[in-house]
Amino acid sequence: MAVSFDDLTSNTAFTKNVKGKVTLLPDPPRAKRYFTVVSCDDHIVEPPNTFEGRVPAKFADRAPRVVEQDDGTEMWLYDGQLLPNVGFNAVVGRPVDEYSFDPTRFDQMRRGAWDPIERVRDMDLNGVYASLNFPSFLPGFAGQRLQSATNDRDLAIACVRAWNDWMIEEWCAAAPDRFIPMQLPLLHDPEAAAAEVRRNAERGVRALTFSEAPHLLGLPSLHTGYWDPLMAACAETGTVVCLHVGSSSTSPTTAPDAPSDATGALFFAYAMFAAVDWLYSMLPVRFPDLKICLSEGGIGWVAGLIDRFEHMRRYDSMYGTFNDVGMSPAEVFKRNFWFCAIDDPSAYMQKDVIGVENIMVECDYPHCDSTWPNTQQILHDQLAGLSAEDVERITWRNAAELFGHPVPEAVQRDPDAY
């Protein structure tokens with residue numbers, strides 16, 4: 001079963017937080033740095049000026065902008081439609097009993113959620129050298145809301161391109177060594193989407209956020225061949241296809257009357273579902289250079305899934321899907337997929353099954369799952385007993401190589417160098 005994000009965010013019973021209370025805690029102390037860290041999943045809360053001056057003049061009045069309501073809340077207005085959430089779970093630096101899908105104003109969140117200079121400051125407090133940032137509620141994790149909230153396809157395309165330009169020219173430009181640029185996809189024209197990937201590759205972008213399950217967005221499934229032009233462009237340019245849980249605008253759940261904890265516990269599960277769907281779509285077989293990264297799904301399920309692939313190998317001929325492929329499903333899986341750990345202490349015991357070269361880390365700032373400001377200590381505790389070489393691979397080297405984002409030698413040697 002699945003529940004839509006719109007239903008979750010409108011369900012006042014989903015979290016038991018103290019509504020209307022806003023407490024911004026003092027800055028934490030600077031974390032003791034044990035490792036150089038590259039986080040492969042954080043989020044931006046798009047600031048009010050994201051689209052200003054970046055869309056053609058004919059769209060200026062309909063492009064997203066922030067408006068204040070009579071009750072003091074701030075909302076996005078996009079093509080005449082009000083979108084009710086400017087913060088979407090940007091709750092780091094607030095007490096846990098205030099966590100929710102809000103905040104509803106920019107001044108109710110740490111400025112680092114939407115200001116790149118302050119984000120770097122918060123990265124410094126947490127001991128994170130570089131960060132890959134996904135979009136937030138307004139675009140949707142895969143850019144889907146920008147393209148579904150309007151019937152004007154040209155407006156949607158203009159807004160996606162404007163977001164991509166803003167990410168490169170403003171957010172990443174504020175600290176190019178510290179931010180790994182990310183782009184949104186064009187979802188309704190795979191040829192145009194491929195051209196956008198190539199345009200951004202020329203500007204140094206090597207990451208594309210995409211839906212874990214496009215069929216749940218009403219788009220063609222991965223099994224149709226519809227997405228081949230886009231995937232070909234990603235393979236050709238070395239652009240990593242990043243699948244964030246929730247990028248289908250849904251979350252796994254159980255019975256309709258189950259408590260909200262059940263949905264929270266299962267949030268990771270779409271990463272596993274997505275991994276299976278993407279593998280058996282044969283996209284990684286048709287495009288062997290395609291790189292797929294799964295974010296915010298953890299890594300605890302990966303070894304078990306590899307075991308299942310190997311078990312099924314005994315009767316592959318019953319299915320036939322991999323009969324003419326020279327590699328097994330598990331081998332393709334290990335070649336084409338990367339996984340991000342957030343708080344997975346037991347999973348590191350399976351690193352040799354998963355492949356240490358396939359594991360990266362994330363801190364998920366500024367969401368409630370975030371390990372900020374304790375990422376360094378958590379990694380220190382959970383990676384204890386691993387070799388220095390394995391720790392280096394997991395904490396930064398795999399990410400630096402995958403996304404083509406070099407880490408200076410001084411920072412490699414000394415995490416206090418940044």
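How many salt bridges does the count come to? The count comes to 28, a salt bridge being a side-chain nitrogen of Lys or Arg within 4 Å of a carboxyl oxygen of Asp or Glu.

Before you click, some ground rules. This is a predicted model, in which local features need pLDDT of at least 70 and side-chain atom pairs count only at pLDDT 80 or more, while totals for chains, interfaces and linings use all residues. Residues are numbered from 1 along each chain as its sequence is written, and side-chain values use heavy atoms, with hydrogens and water left out.

**Stop 1: salt bridges across the sequence**

Select R30 and D416. Their side chains meet in a salt bridge, 3.2 Å from N to O. R30 sits in the loop between α1 (5-10) and β2 (38-43), and D416 in the segment after α16 (409-413), so the pair ties together parts 386 residues apart in sequence. Helices (H or I, at least four residues) and strands (E, at least two) are DSSP runs, numbered from the N terminus. R30 is partly exposed, with a relative accessible area of 45%. D416 is partly exposed too, at 41%. Here buried means under 20% relative accessible area, exposed means over 50%, and partly exposed lies in between (1.4 Å probe, protein chains only).

Next, select E169 and R54. This salt bridge spans 2.6 Å, N to O. E169 is in helix α4 and R54 in the loop between β2 and β3, 115 residues apart. E169 counts as partly exposed at 44% relative accessibility. R54 counts as partly exposed at 21%.

R54, R161, D165, E169, E170, E196, R199 and R203 are linked in a network of salt bridges.

Now pick R62 and D152. Their closest N and O atoms are 2.9 Å apart, in another salt bridge. R62 lies in the loop between β2 and β3 and D152 in the loop between α3 (144-148) and α4, so this pair ties together parts that are 90 residues apart in sequence. R62 is partly exposed at 26%, and D152 at 22%.

**Stop 2: the nonpolar core**

Select F210, M231, W278, F333 and F403. They have the most contacts inside the largest nonpolar core, which has 127 residues. Such a core is a set of buried Ala, Val, Leu, Ile, Met, Phe, Trp, Tyr and Cys residues joined through side-chain atoms within 4.5 Å. Its largest share, ten residues, comes from helix α4 (residues 153-171).

Zoom in on M231. Leaving aside neighbours within four places in sequence, M231 is in contact (heavy atoms within 4.5 Å) with F210, V241, W278, L283, F287 and L290.

Now show helix α6 (residues 228-237). Its buried residues are L230, M231, A233, C234, A235 and T237. These pack against α5 (190-201), β8 (207-210), β9 (240-244), α8 (269-280) and α9 (283-286). Step just past α6 to G238, which takes a positive phi of about 75°.

**Stop 3: a helix pair**

Select α10 (residues 302-312) and α12 (residues 329-336). Their axes come within 8 Å and cross at roughly 145°. Axes are lines fitted to C-alpha atoms, for helices over the stretch in contact, and angles run from 0 to 180 degrees between N-to-C directions. From α10, the contact is made by V302, L305, I306, F309 and E310; from α12, by P329, A330, F333 and K334. F333 is also among the core residues of Stop 2.

**Stop 4**

Select β6 (residues 130-134). Five of its five residues are buried. A130, L132 and F134 point one way, and S131 and N133 the other.

V38 stands opposite A130. The bridge partner of L132 in β7 is I180.

**Stop 5: an open sheet**

Which strands form the open sheet, and in what order? The order is β3-β4-β5, with antiparallel pairing. β3 (65-68) and β5 (81-83) stand at the edges, each with a single partner strand, so one side of each has no neighbour in the sheet. Neighbouring strands are turned by 40° against each other on average, direction ignored.

Finish on β4 (residues 74-78). Three bridges join β4 to β5. Y78 stands opposite Q81 in β5.

Key: Pairing = 2+ DSSP bridges.
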